[in-house]
Number of protein chains: 2
Amino acid sequence: MANPAAPNETPEAPVPPWERTRKVKATARTPLSQEAIVETALHILESDGYDALSMRRVAADLGTGAASLYAHVANKDELLKLAIDRVFAEAEIPEPDPENWVEQLRDAMRQTRRILQAHPGLARSMLGRVPMGPSGIRLVEGFMGLLRAGNLPDKVAAWAGDVISLYVVASVFEDDVRYSVHGETSQEDVEKWAGEMKAYVKSLPVATFPNLVALADPMFETGGPDGRFEFGLDLMLRGLASHAQH
Amino acid sequence: MANPAAPNETPEAPVPPWERTRKVKATARTPLSQEAIVETALHILESDGYDALSMRRVAADLGTGAASLYAHVANKDELLKLAIDRVFAEAEIPEPDPENWVEQLRDAMRQTRRILQAHPGLARSMLGRVPMGPSGIRLVEGFMGLLRAGNLPDKVAAWAGDVISLYVVASVFEDDVRYSVHGETSQEDVEKWAGEMKAYVKSLPVATFPNLVALADPMFETGGPDGRFEFGLDLMLRGLASHAQH
DNA sequence: TCTACACGCGAACACCGTTCGAGTCAAACG
DNA sequence: CGTTTGACTCGAACGGTGTTCGCGTGTAGA
């Protein structure tokens, strides 16, 4: 079982730089590696949510102690950064089509949302941090490509990517927190909660809250799990389109 | 800010013996109340940020133990809710003017942003929670009034309030996190950080990141502390205006 | 003056992220 | 084929967190 692939006779020649860094890690039977740690963290996020993710929990799932993780990961923050970049590797941004850039951008944002939703809680650690890992930067490059296909002023294109991404992340964040706070809610629970809220708002004194009472029905129409997100996204894309140079 | 409670630094001399025997004095001072607790929490947020806010710290600043707070406040979450509602009491939404509703809405959102910024960290606990306290609901009523003045479809008005608020809160949240992570940054530090990022992006291989390299300059143009926020807000308001009925 | 009860609050519980340092074990060297 | 070496492991501990328990005290009402 002692790695048979190792060249045992060659004196010094084959020592490529990328092998050099891995050389030490290859020695151990690798019960622990950065990749395994990130994978475990993602699995915990997926199954038990953000609050369940602790260094101790990750270590326990790997059958070790928390201290062992720190040999492969600087701290929890870095672990989260790695996890974020890990999931963004799945993103696929199409070649920009100038005829269709708005819909392409819409789909790209939907895709980003779905990726984040698959691991609720990741959005929580994304806000305020620029995703600068290899996958993150590739994704941003993709966004910028789509935006540049829209014949927008440079500043509009550059800032729009930032601002729309913020909306997407915040949207997932909000949903995740709502789920966490309100228990393991299915779409059915959401409808029920919305019903209660609507009843409360309708019970408000009309004299002091005329507009809330008037809009109670549409306000608590859930519009399905994506309705509100799509509406906000559309709002920004409409605004963006109005910047397109004739 | 007339805070009746003394900070834990004990600026006052120790209680003299003749005062100590007068037990009447002790009752008159009402050392603990929900209002005082919320006030203290806001003061901590304002001066030391979100991470400094703990139940023990609030209690210490009030010269007592953490357990005592739970007689007036259910838990930290409720304390934060109360604090949010407390600051929103300052908000003043004007009478809707159908000629000018977009600018009124813009100002209302700017005002909301300024209020949240005054207590960085509050935004962090707002996401995912509907502000249903007396002040919060008054604010939402104000938003809805402005939106209804815009002659928008009911559903658009109702959802837009939600979605634009989300953007405002997320925007403050993001700034706050960036400040926290990156140290006590002044606007000058922000410019410096942006400069470093720009240099990095410009150093990327043009072949694989053509759009990032092309947009590096506008992307890291900070546009002052409000530039990006105003841009995103404008994006949503433009989109909203496009929904106005003929 | 005496009693009853609400409330202050020290101590404790179960967590958290992170650090320290002794122990281990495979690889490299002589 | 020892011996040394040093990266990796991980129990224990540190200083924090939110929250609960229950004793004791001080104040209000009788």
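**Helices H7 and H10 of chain B**

In this predicted model, the crossing of H7(B) and H10(B) is right-handed, the near helix being turned clockwise from the far one by less than a right angle. Here helices are DSSP runs of H or I with at least four residues, numbered from the N terminus. H7 covers residues 101-118 and H10 residues 154-181, and the two pack at an angle of about 35° with their axes 10 Å apart; axes are lines fitted to C-alpha atoms over the stretch in contact, and angles run from 0 to 180 degrees between N-to-C directions.

At this crossing, B:Met109, B:Thr112, B:Arg113, B:Leu116 and B:Gln117 of H7(B) meet B:Ile164, B:Val168, B:Val169, B:Ser171 and B:Val172 of H10(B), contact meaning C-beta atoms, placed from the backbone, within 7 Å. An α-helix has 3.6 residues a turn, so residues three or four places apart point the same way.

Among the buried residues of H7(B) are B:Trp101, B:Met109 and B:Leu116, where buried means that 20 or more other C-beta atoms lie within 10 Å of the residue's own. Their cover includes H8, H9, H10 and H13 of chain B.

Turning to the other chain, 41 residues of chain B are in contact with 41 residues of chain A, and H10(B) gives the most to the side of chain B that touches chain A, with 17 residues.

Residues are numbered from 1 along each chain as its sequence is written, while chains are lettered from A and ligands numbered from 1 in the order in which they are written. Because the model is predicted, local features need pLDDT of at least 70 and side-chain atom pairs count only at pLDDT 80 or more, whereas totals for chains, interfaces and linings use all residues.

Technical notes: Two residues are in contact if their C-beta atoms, placed from the backbone, lie within 7 Å. A residue is buried if 20 or more other C-beta atoms lie within 10 Å of its own, exposed if 12 or fewer, and partly exposed in between; C-beta atoms are placed from the backbone.
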